[in-house]
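Please look through the sequence and the model shown below before reading on.

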Amino acid sequence: MADSVVSFLLANLTQLLTQESNLLGGVQDQVRILHNELEMISVFLRSTEGNRDDNLVKVVVSQIRDVAYEIEDVIETATKHSKRSNLRKLIYSFDRVITLHEVASKTESIKKVIKEIYDNRSKYGIIEIAQSGGGDAQAEGILHKRRRYVEEDEVVGFGHDTQVLLKQLLEGGLQRDVTSIIGMGGLGKTTLARKIYNNNHVENNFNFRRWVYVSQEYRIRELLLEILKGVKIFILKAELKEELFHGLEVKYSTLFEDLQCMKEKDDGEFKNILLQKFEYSTLFEDLQCMKEKDDREFKNILLQKVEELIHDLKLKKSCQDFVQNIYKKNGEGLQDLNDDDLKRGLFKFLQGKRYLIVLDDIWKTDVWDELKVAFPDNMKGSRILITSRIKEVAAHASPNIPPYFLPFLNKDESWELFSKKVFRGGTCPAELEALGRQIAESCDGLPLAIVVLGGLLANKEKTHRTWSKLTGHVNWYLTQDRSHCLDILALSYNHLPRRLKPCFLYFGIFPEDFEIPVRQLIRLWIAEGFIQHTGDRNVEDVAEDYLEELIDRSLIQVATTRTDGESKHVASMIFYETFAYQRALKRNFSSFGFENKSNLEWLCKMFKLVRVVDFGDANYSSIPKKIEKLTRLRYLRIPGELDVIPASICSLWNLVTLDMRSSKTRVLPKEIWMLQKLRHLYLGGPTSIPKTDNKALPNLQVLTGIAINEDTKYLFAKARFPNLRKVGLQFLRFEQELEILSSLHNLRQLQTLKIYQLFEHPNPYSIHLTLTKLTLVKADLNPFVFTMLGSLPNLRILKLQGDRLGYTESTLHCSESSFPQLEVFVMAQLQIKNWELGKGAMPSLRRLVIDGCPIQHLPHKLWCLTALRDVQVLQPSRQLANTLQQLQMKNGCKLQVYPPLESGPGRN
């Protein structure tokens, strides 16, 4: 956590010093001093990253975190007091003197604290601890032994997985392929891979197999030596091979020079030298053809050729001695060879073989980049099998073959594994089975947890009383030091880049088994300062990349998805939640969630440094003025049905997210324009924004619940929100005809638009061409409007919801070549009976959802769309249900109907 605080502050201070120096007045030197101190602190944090479990290092890191917050407080003071309005300049001079004195005093105090921290580092030997290093490899070796201990010999639940992977390894083409097994730690990847490795068909199919454990602390040399262990192979060092060829070439050149000098010699003598020249040239030509031979074979053939082709005894002896000396300098073992020599030797050894290499527990793509040159694609059906927790590793090694994602055990498989481990071949008493199943299910299908827990209970009394103690406390037992379960899972956390660690630990603040909304999580990360600015990239996009990386590293799971396939909710495994919770407690996350009104006053009084406040499900009718004291606040969610939003909220000038989507507020306070850092504003709506002639919210990305009226139209037309990406609009009255859509043209970044009750008839040029997602709820959709929607060049997602449709014949017509980029189409509660699809319409459609629409038939051209993969029909008409029941699905398209249809041909 200290790392993220320091990184966040360093970025802010750099920006202040380069872009906002005019705001710092006379405190610029103090800010530069603090910036330099933070840079030194950052270096120390990086050097101690692998030693944070040492108690002394923990204390220092904790002190550094506190100092970082103090520095932030100084910067807040310096910048806040510098941003004064013209109306307050009369008192500004006096106030500025006080501010300068306060900043200078705090800076000196912080410098003293930092000096104490550095003095204590030397005094208590913390520098040596930070520099010691080398402990990671030793610790991982211990964990590897523990992991082998909990591997289950009697594999459970891998029947289908084994069949799929065996098919990939044993069938397919002759080219060398890479197959990957991906999943979180403890899921059984190594166990499954070992089962496949020892399979009889695999043993018979490959004439060379080798298993290599890679790990985080790998060394390429050791991996190569492990593969070559027991292999009788001789490898000539590259430099000696070069010396050998060069020496023979020199001898050949010398003969040629001698030949030029001996033209005047006796013909007989000249003939002998010429014969030597011919013999040696024959040897040299053969030598060039033998370069790709095995080094031992090359040596034997070379000496044999010297014996056969060279008849001059002196020349023969010279060549033989030269070759023998070269090989004598090389030695016989592999230990003295460098990595390139080992790779070359392994490549030659595997060249003529059908081989299987298992690379177990890979963490970095660099491993494959280093080793792949040693694995020849010899067109003999050779295979590489990889196990990893990280999806990127698999995609890097084999871009064209998707990895196999190992699933969790189901309830029956969990019980089978649990009972085998506890009873060791015996039978579970009937009176314990229900309780045992409950305990097994609490392990969330993770084999590692089941094996560890089963081993624990195997040595205890098998009674209902003993087992009942575990009910509801399984997680506690598994996270004790003696089980080593968390240690094994923690490898994934330890391997995370520094930027991702606080993001992962943040999962610890959420309740167990809680499905976290992705968009809310991203807003919280941004508010906490976890997301690093990358060039001119949007910070929300960077946060999405962070989330995807955590998913790809098997640390969190996608719980639900949106209609376009993007993640909607994510969740962490219960054991990772516990790990994150324990670490998060030590790092003092500055977030609070309350569901009790009485806590609000206490919060405003006691926690002025808080950054995130979420009031849960509490129903607040008013907000105390004291909330303006929380000047560090970056995220505020108030769920109550507030009638009025107090102006005091607008004093929270650091606010990034303001979420009041449950409020009934009709008008925002005019002070809303003070929130210059605001990026996300969610309102219940329809809410009006006060008109302004000279102010803007330049950082606002999301704005929802806004009333469509003259003020809104004016603000959009004047680009008061120049960087909006997502807008949600609501009409106030049915009769309004404002052509609001035409005013959106100044929103150059707009991608997502949602409109409730749109009753205007826009002109052909009013639809925003940059839109990628459009949702219309209870809109008056006449054929003209729908034709316009079909002309949007970038529209990927279209959702139509409501029960009003202005079609005379209740027909939805998609004209020819319309909706060129549309991938997701959702129709819900639309009163249409016929749907016509013109030639070339919706060529990119992947997903179709029809919910509660009385459509009688789906267009025949729909089933000719080659990109279509998922069709969901909810509450279909009887006629449509009968048609779907007889439908034969093709091209891998999946059809889902609810209520379920009776089984028919082609159902998926």
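This is a predicted model: local features need pLDDT of at least 70, side-chain atom pairs count only at pLDDT 80 or more; totals for chains, interfaces and linings use all residues.

Helix 25 covers residues 518-528 and helix 26 covers residues 539-552, and the two pack at an angle of about 115° with their axes 10 Å apart. That angle makes helix 25 roughly perpendicular to helix 26, a description that applies from 65 to 115 degrees, with under 35 counted as roughly parallel, over 145 as roughly antiparallel and the rest as oblique. Axes here are lines fitted to C-alpha atoms, for helices over the stretch in contact, and angles run from 0 to 180 degrees between N-to-C directions. On the side of helix 25, Val518, Leu521, Ile522, Trp525 and Ile526 take part, and they meet residues of helix 26 that include Ala543, Tyr546, Leu547 and Leu550; contact means heavy atoms within 4.5 Å. By class, this contact has 10 nonpolar, no polar and two charged residues.

Phe510 is placed in the loop between helix 24 (501-505) and strand 6 (516-517). Phe510 counts as buried because its relative accessible area is 14%, where buried means under 20%, exposed over 50% and partly exposed in between, with a 1.4 Å probe and protein chains only. Leaving aside residues up to four places away in sequence, Phe510 touches Ile516, Leu521 and Leu524. Phe510 and Ala571 are 61 residues apart in sequence, yet their C-alpha atoms are 9.6 Å apart in space.

Taken as a whole, the protein chain has 31 helices and 24 strands, which are DSSP runs numbered from the N terminus (H or I of at least four residues for helices, E of at least two for strands). Buried residues make up 51% of its 908 residues. Among contacts in the chain with a separation of 6 or more, 60% are between residues 24 or more positions apart.

Another pair consists of helix 18 (residues 411-423) and helix 20 (residues 447-458), whose axes come within 8 Å and cross at roughly 35°. Helix 18 passes helix 20 in a right-handed crossing. The residues of helix 18 in this contact include Leu417, Phe418 and Val422, and those of helix 20 include Ile450, Val451, Gly454 and Gly455.

In helix 10 (residues 220-228), the buried residues are Ile220, Leu223, Leu224, Leu225, Ile227 and Leu228. These buried residues pack against strand 2 (208-213), helix 15 (339-350), strand 3 (355-362) and helix 16 (365-371). Just after helix 10, Gly230 takes a positive phi of about 80°.

Finally, Arg666 lies in the loop between strand 12 (657-660) and strand 13 (680-687). With a relative accessible area of 45%, Arg666 is partly exposed. Not counting residues up to four places away in sequence, Arg666 touches Asp643, Gly685, Pro686, Thr687 and Ser688.

Notes:
Residues are numbered from 1 along each chain as its sequence is written. Side-chain values use heavy atoms; hydrogens and water are left out. Ala, Val, Leu, Ile, Met, Phe, Trp, Tyr, Cys and Pro count as nonpolar, Asp, Glu, Lys and Arg as charged, and the others, Gly among them, as polar. A crossing is left-handed if the near helix is turned anticlockwise from the far one by less than a right angle, and right-handed if clockwise.
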